[in-house]
Amino acid sequence: MRQLMVMRHAKSSWADGTIADHERPLNERGRTAAAAMGRFMAERQLLPDRVLSSDSVRTRETVSLWAEAADWDGPIDFLPELYHADVTTLLQSASILPDTCLRPLVVAHNPGIAELISSASGTMVEVPTGTLAVLEAAF
């Protein structure tokens, strides 16, 4: 069965109010959390076939730190359309992947990630930064 893994980027920095939202980096807590999620997923054999990520600085950093900690070197696509994407766009990005991609990971932003997880679970859920959800046959 196909799985769709979705993750909200790790905690970003608000230290410099002059930086555009798209350019905000992770803060120290976010860098630590991204690496911890990589180790967590590797230990539990929850690694994806491919990563689709927003092209923002904080999602790029999240994916980079995650991949290093997970010792994962698979394909990564940084897609501008995933920056603050809605549920439809998040699902479409995964649905165009070949059927051989059984477990993609989409790394993006709220509110789209929270809305997707809430829709799939049938209940409203809060999705803090760094959260991972694994959805069965969601696309």
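**Ground rules.** I worked on a predicted model, where local features need pLDDT of at least 70, side-chain atom pairs count only at pLDDT 80 or more, and totals for chains, interfaces and linings use all residues. Residues are numbered from 1 along each chain as its sequence is written, and side-chain values use heavy atoms, with hydrogens and water left out.

I take buried as under 20% relative accessible area, exposed as over 50% and partly exposed as in between, with a 1.4 Å probe and protein chains only. This core has 19 residues, and those touching the most other members are V6, L82, L90, V106 and I113. At least two residues each come from β1 (3-8), α3 (87-95), β4 (104-108), α4 (112-121) and β5 (132-136). Helix α4 gives the largest share, 4 residues. The helices (H or I, at least four residues) and strands (E, at least two) are DSSP runs, numbered from the N terminus. I also noted a second, separate core of 14 residues, with L46, V51, V63 and W66 among them. In soluble globular proteins, nonpolar side chains tend to be buried together.

I listed the contacts (heavy atoms within 4.5 Å) of V106. Apart from neighbours within four places in sequence, V106 is in contact with L4, M5, V6, M7, L52, L82, L90, S93, A94 and I113.

The axes of α1 (residues 28-43) and α2 (residues 57-70) come within 7 Å and cross at roughly 40 degrees. Axes are lines fitted to C-alpha atoms, for helices over the stretch in contact, and angles run from 0 to 180 degrees between N-to-C directions. The two helices are therefore oblique to each other; angles under 35 degrees count as roughly parallel, over 145 as roughly antiparallel, 65 to 115 as roughly perpendicular and the rest as oblique. From α1 the contact uses R31, A34, A35, M37, G38, R39, M41 and A42, and from α2 it uses T62, L65, W66, A69 and A70. I sorted the residues of this contact into 9 nonpolar, 2 polar and 2 charged. For that sorting, Ala, Val, Leu, Ile, Met, Phe, Trp, Tyr, Cys and Pro count as nonpolar, Asp, Glu, Lys and Arg as charged, and the others, Gly among them, as polar.

T62 lies in helix α2. T62 counts as buried because its relative accessibility is 2%. Leaving aside neighbours within four places in sequence, T62 is in contact with M7, H9, A10, L26, A34 and V107.

V87, L90 and L91 of α3 meet G112, I113, E115 and L116 of α4. The contact divides into 5 nonpolar, 1 polar and 1 charged residue.

Q3 is in strand β1 and, at 13% relative accessibility, counts as buried. Q3 and L135 are 132 residues apart in sequence and 5.5 Å apart in space, C-alpha to C-alpha. H22 is in the loop between β1 and α1 and, at 22% relative accessibility, counts as partly exposed. Not counting residues up to four places away in sequence, H22 touches D55, S56, V57, R58 and Y83.

Definitions and conventions:
Core = buried A, V, L, I, M, F, W, Y, C linked by side-chain atoms within 4.5 Å.
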